[in-house]
Amino acid sequence: MEEDRNGMEILDRGHCLGLLRTVPVGRVGLSINALPVVLPVNFAYDAERERIIIRTSEGGKLRAALLGAIVAFETDQIDPVSHTGWSVLVRGQSSLVTDPHDLERLRRLPLRPWANEQTDHWVAISTDLVTGRRIGGWYGEGALERHHLGPDGSG
């Protein structure tokens, strides 16, 4: 197991891509009007083409996709009590999916609109750069009590 300088396990590309299948929500980081923006999105991982798929309506994410912007995508899963979890960061090019055959296949992914039913634009994010980390938790037996933290992390 390879670790980074902070003691977190470095996850390989295959493990990271596998983790993308386990959670439904992530965040897309992009630039709008020369300012950084991070937007929560529900997504699905298209394993056949190794890409992230989101559905969106007209707006900033769609504009960025139409321009072929390089974006960041991050998703994670954490347990705040045990201080365990993982994070996957993907950087790639966004593009609007328009091919009818591709869209038909993507409609079979487990990706349904959350915010509204007008999310009829499909955006793909390539997985050009994929990195991930897992943290094992440094709290040992009784550590929560020694640090005067409740089970929810409050003091």
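**Close-up views of a predicted model**

**View 1. Leucine 96 and valine 123 mark the pairing of strand 6 and strand 7.** Leucine 96 has valine 123 as its bridge partner in strand 7. The model shown here, as in every view, is predicted. Strand 6 and strand 7 run antiparallel and are joined by four bridges. Strand 6 spans residues 84-97. Strand 7 covers residues 121-126.

**View 2. Strand 4 pairs with strand 7 and with strand 3.** Six bridges hold strand 4 and strand 7 together in the antiparallel sense. Threonine 56 faces histidine 121 of strand 7 in this pairing. Strand 3 also runs antiparallel to strand 4, with four bridges between them. Here aspartate 46 has arginine 51 of strand 4 as its bridge partner. Strand 4 is largely enclosed by the rest of the structure, because five of its six residues are buried.

View 3. Glutamate 50 is partly exposed, with a relative accessibility of 35%.

**View 4. Glutamate 50 reaches arginine 13 through a salt bridge.** Side chains of opposite charge can pair when their charged atoms come close. In the salt bridge of glutamate 50 and arginine 13, the N to O distance is 2.9 Å. The two residues are 37 apart in the chain, and the pair links distant parts of it. Glutamate 50 belongs to the loop between strand 3 (35-46) and strand 4 (51-56), while arginine 13 belongs to helix 1 (residues 13-20). Arginine 13 is partly exposed, at 33% relative accessible area.

**View 5. Aspartate 12 caps helix 1 at its N-terminal end.** One side-chain oxygen of aspartate 12 lies 3.3 Å from a backbone nitrogen. That nitrogen belongs to glycine 14.

**View 6. Helix 1 has buried residues on one side.** Which residues of helix 1 are buried? They are Cys16, Leu17, Leu19 and Leu20. Around the axis these residues cover an arc of only 160 degrees, so they lie on the same side of helix 1.

**View 7. Glutamate 74 and arginine 27 join strand 5 to strand 2.** The closest N and O atoms of this salt bridge are 2.4 Å apart. Glutamate 74 is in strand 5 (residues 70-79) and arginine 27 is in strand 2 (residues 25-32), so the pair ties together parts 47 residues apart in sequence. Is glutamate 74 buried or exposed? Glutamate 74 counts as buried, because its relative accessibility of 18% falls under the 20% cut-off. Arginine 27 is partly exposed, at 27% relative accessible area.

**View 8. Arginine 49 and aspartate 102 form a salt bridge.** Their closest N and O atoms are 3.0 Å apart. Arginine 49 comes from the loop between strand 3 and strand 4, and aspartate 102 comes from helix 3 (residues 100-106), so this pair ties together parts 53 residues apart in sequence. Arginine 49 is partly exposed, with a relative accessible area of 47%. Aspartate 102 is buried, with a relative accessibility of 6%.

**View 9. A network of salt bridges takes in arginine 49 and aspartate 102**. Its members are Asp46, Glu48, Arg49, Arg51, Asp102 and Arg105. Asp46 and Arg51 are also bridge partners in the pairing of strands. How many salt bridges are counted? The count is 11 salt bridges.

**View 10. Phenylalanine 43 and phenylalanine 73 form an aromatic pair.** One aromatic pair is counted. Phenylalanine 43 is in strand 3 and phenylalanine 73 is in strand 5, so the pair ties together parts 30 residues apart in sequence. Both phenylalanine 43 and phenylalanine 73 are buried.

Key
Residues are numbered from 1 along each chain as its sequence is written. This is a predicted model: local features need pLDDT of at least 70, side-chain atom pairs count only at pLDDT 80 or more; totals for chains, interfaces and linings use all residues. Side-chain values use heavy atoms; hydrogens and water are left out. A salt bridge is a side-chain nitrogen of Lys or Arg within 4 Å of a carboxyl oxygen of Asp or Glu. Buried means under 20% relative accessible area, exposed over 50%, partly exposed in between (1.4 Å probe, protein chains only). The arc is that of the directions from the helix axis to the C-beta atoms. Contact means heavy atoms within 4.5 Å. A polar contact is a pair of N or O atoms within 3.5 Å; within protein, one must be able to donate a hydrogen and the other to accept it, and residues adjacent in sequence count only if both atoms are side-chain atoms. Two strands pair if DSSP finds at least two bridges between them. Rings of Phe, Tyr and Trp (its six-membered ring) pair if their centres lie within 6.5 Å; planes under 30 degrees apart count as stacked, over 60 as edge-to-face and the rest as tilted.
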